[in-house]
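Q: I have a chain open here and would like to talk through how it is put together. Could we go over it piece by piece?

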Amino acid sequence: MSERPLNDDNGSTGPDDNDRFEEIVDAETDRDPDLAVIEAGSRTLRAQAGPPQGDVPARPEDPETDRALREVETELAGRWGETKLDPSLVRIEALMDILGQPQRAYPAIHITGTNGKTSTARMIESLLTAFDLRTGRYTSPHVQSITERISLDGAPISAERFIETYHDIKPYVEMVDDREDYRLSFFEVMTAMAYAAFADAPVDVAVVEVGMGGTWDATNVVDASVAVVTPISLDHTDRLGATPGDIAGEKGGIVKQDATVVLAQQPVDAAQVLLKRAVDVDATVAREGMEFGVVSREVAVGGQLLTLRGLGGEYPELFLPLYGAHQAHNAAVALAAVEAFFGIGAQHARTLDIDTVRRAFAQVSSPGRLEVVRRSPTVVLDAAHNPAGAQVTAEAVTEAFGFSRLIGVVGASADKDVRGLLEAFEPVFAEVVVTRNSTPRSMDPDELAALAVEVFGAERVQVEPRLDDALEAAITLAEEESEFSGAGVLVTGSVITVGEARLLLGKG
C-alpha cells in the first residue's frame, strides 16, 4: 500500500466543498493522483474523530525525511508485490548469509494462520514487554504507514530509522539481485530489514508474523522456539490450497525441530495435518480447548473481561480493550505462547505474575480491528477481508455495540471470496455502500455492486466509487435515524480500505 499524507485541517462540508475538493486535488501536482484524492478527502470530510493514535504513525513532519521515506517506498514498490508467492527461500537465505544471519541473534515467536495473526502478535508483544523484555515485532500488511511493519518496544520504528535500515542493507540486496534469476521481492526486502533492525537494536525476542503461508514464506528463515498457528480457514486458495488441510500443510512449515507449537482451535483436517507435523519434528503441542483456553468472558465497557486458562494455571479478571469472542481466543493463544516461551508447562509448573499479565492485556491495541474512530453516529473500522473474518466481525459488532441499524461500507480486493464476505455481513447490514480503495487490487465498484445486489437486493445497495463519498453516504444514512437512534457504520472488506478510511476520518 502506498503511503498516504495526513492533514489535521478537517473542515466541515458546505455548499462549496465539492469545488474545494477538486481544487485541492488539482493543486497536488507532485503526488500520485490517488494520494491527492485522499489528501483532499482528509481535509474536507465532515466525519471527524478524536486525537490521532500513536501506534499508527503519520507522515514525517520534516520535509527531507518525508522525501527520503517516499524514495524508499518507491524503490520497494518497484519489486514483486507481497501477494506474489514464489515457493523458494533461496533469495532470502542468500541475503541472510551476506548480512551475517541477523535472524539468529535473538529467540523468536513465529505466528501463522489465516485470521487473527496481527492481533495475536500485538498481545504477545505486550505481554513480553510487560515482563521487561525488549521486543521486536514484524507484522503485515500495514494499516497506514509502512513503518508500522517493524516495531521496537511496542512502537513502530521511526521514519529515520526505517530509511537508515533500508540503506544499510541495500548494497547487499543489490548483490543478491545481481546473482539470482529474480530480484528480491518487496516482502523479502522488508523481512530482511526487520531482522537487521532487531539485531541492531538489539532485541531480547522477536515476534514475527508470516506474510503468506509458512513453509516458503520469507520470514521462515527464522528458527523460532515457539510457533503459533491462529485459526485456519480458506484464503489465498490459489496459492496455498483448496482445503483447510491443504493450507495447514503450508502453514505448518514454521514448526521447527523440538519447538513448542501453540494451536488455536482448528478445523479437523487442519488440526490433523498440524499434529502430524509436530510429531515429525518432535515438537511439543499446546492445543486450545485442551491444554489452554477461554474459561469465561463477558462484555465490558470498552472491551471484555476474561478468565483464561493458561499452560500453568488460571488467570482471572483480565480486561482486554478489544471486542469480540475471537479476540478472547486470540488472547488465550497469546498467553499460552508467552508461557511456552518462558518454559511454563514444560520446565515450570506455575503461572505468570497475574498483575503483570493484567497490565499487559489492558494495554493492548489493534488498529483497524473493530476500532471506533467516530461517535454520533459511531463509525467502526474492521479489516475483515475473507468470509471467516467477516463472520466473526459480524458476530462481534452485534454483541459489542447492539446498533439499532448498521450501515456497511465495503471495499474489497478482487482476488478474495467477495461473495462469501458479503453473505457473512448480510444479516447485520441494513444497507451497504460499496466502494473501492486506491490500489489496483481493489474490486471495481460496479462489479462489487452487482454481487452485493445478488446478496442484499437492489434496494439495500448504494454505489459510491470514491471512498470519501462512500463514508459520507453511510454516515448520512445512519444520521437519518436521528442523533440518538443508535445507528452505526462499519467500514470493512480490506486492510487497505480500513487504512484509507482511517486517514479520511482524521486518524493517523
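Predicted model: local features only at pLDDT ≥ 70, side-chain atom pairs only at ≥ 80, totals over all residues.

Q: OK, which residues touch the most other members in the largest nonpolar core?
A: That core has 43 residues, and the ones touching the most other members are Leu76, Ile150, Phe162, Met190 and Phe198. At least two residues of this core come from each of helix H3 (63-77), helix H4 (90-99), strand E3 (150-152), helix H6 (159-179), helix H7 (186-200) and strand E5 (205-209).

Q: Which of those gives the largest share?
A: The largest share comes from H7, which supplies eleven residues of this core.

Q: Take Met190, then: what does it touch beyond its sequence neighbours?
A: Not counting residues up to four places away in sequence, Met190 touches Leu76, Tyr138, Ile146, Arg149, Ile150 and Phe162. Apart from this core lies another one, of 38 residues, with Leu335, Ala336, Val338 and Phe361 among them.

Q: Back to H6 and H7: how do their axes cross?
A: The axes of H6 and H7 come within 9 Å and cross at roughly 115°, so the two helices are roughly perpendicular to each other, and their crossing is right-handed.

Q: Which residues meet there?
A: From H6 there are Arg161, Phe162, Thr165, Tyr166, Ile169 and Val173, and these meet Val189, Met190, Ala192, Met193, Ala196, Ala197 and Asp200 in H7. By type, the residues of this contact divide into ten nonpolar, one polar and two charged.

Q: Changing topic to H14 and H15, at what angle do their axes cross?
A: For helix H14 (residues 418-425) and helix H15 (residues 445-456), the axes come within 10 Å and cross at roughly 40°. H14 and H15 are therefore oblique to each other, and the crossing of this pair is right-handed.

Q: What meets what in that pair?
A: In H14, the residues Val418, Arg419, Leu422, Glu423 and Phe425 meet Leu448, Leu451, Ala452, Glu454, Val455 and Phe456 in H15. The residues of this contact divide into eight nonpolar, no polar and three charged.

Q: Why is helix H9 described as largely enclosed by the rest of the structure?
A: Helix H9 (residues 244-251) has eight residues and six of them are buried, so H9 is largely enclosed by the rest of the structure. The buried ones are Pro244, Gly245, Ile247, Ala248, Glu250 and Lys251, a list that includes the charged side chains Glu250 and Lys251.

Q: Now the backbone: which peptide bonds are cis?
A: The bond from Ala201 to Pro202 is cis, with omega near -15°, and Pro202 has its place in the loop between H7 and E5. The bond from Ser376 to Pro377 is also cis, with omega near -5°, and Pro377 is found in the loop between strand E12 (371-374) and E13.

Q: Last one: is Glu317, with its positive phi, buried or exposed?
A: Glu317 counts as exposed, at 54% relative accessibility; its phi is near 55°, and the residue is found in strand E11 (residues 314-320). Leu370 also has a positive phi, near 45°, but Leu370 counts as buried, at 4% relative accessibility, and lies in the loop between helix H12 (354-362) and E12.

Terms used: Residues numbered from 1 in each chain as written. Heavy atoms only, no water. Axes fitted to C-alpha atoms, helices over the stretch in contact; angles between N-to-C directions. Helix = DSSP H or I, 4+ residues; strand = E, 2+ residues; numbered from the N terminus. Parallel < 35°, antiparallel > 145°, perpendicular 65-115°, else oblique. Left-handed = near helix turned anticlockwise from the far one by under 90°. Contact = heavy atoms within 4.5 Å. Core = buried A, V, L, I, M, F, W, Y, C linked by side-chain atoms within 4.5 Å. Buried < 20%, exposed > 50% of the residue type's maximum accessible area, 1.4 Å probe, protein only.
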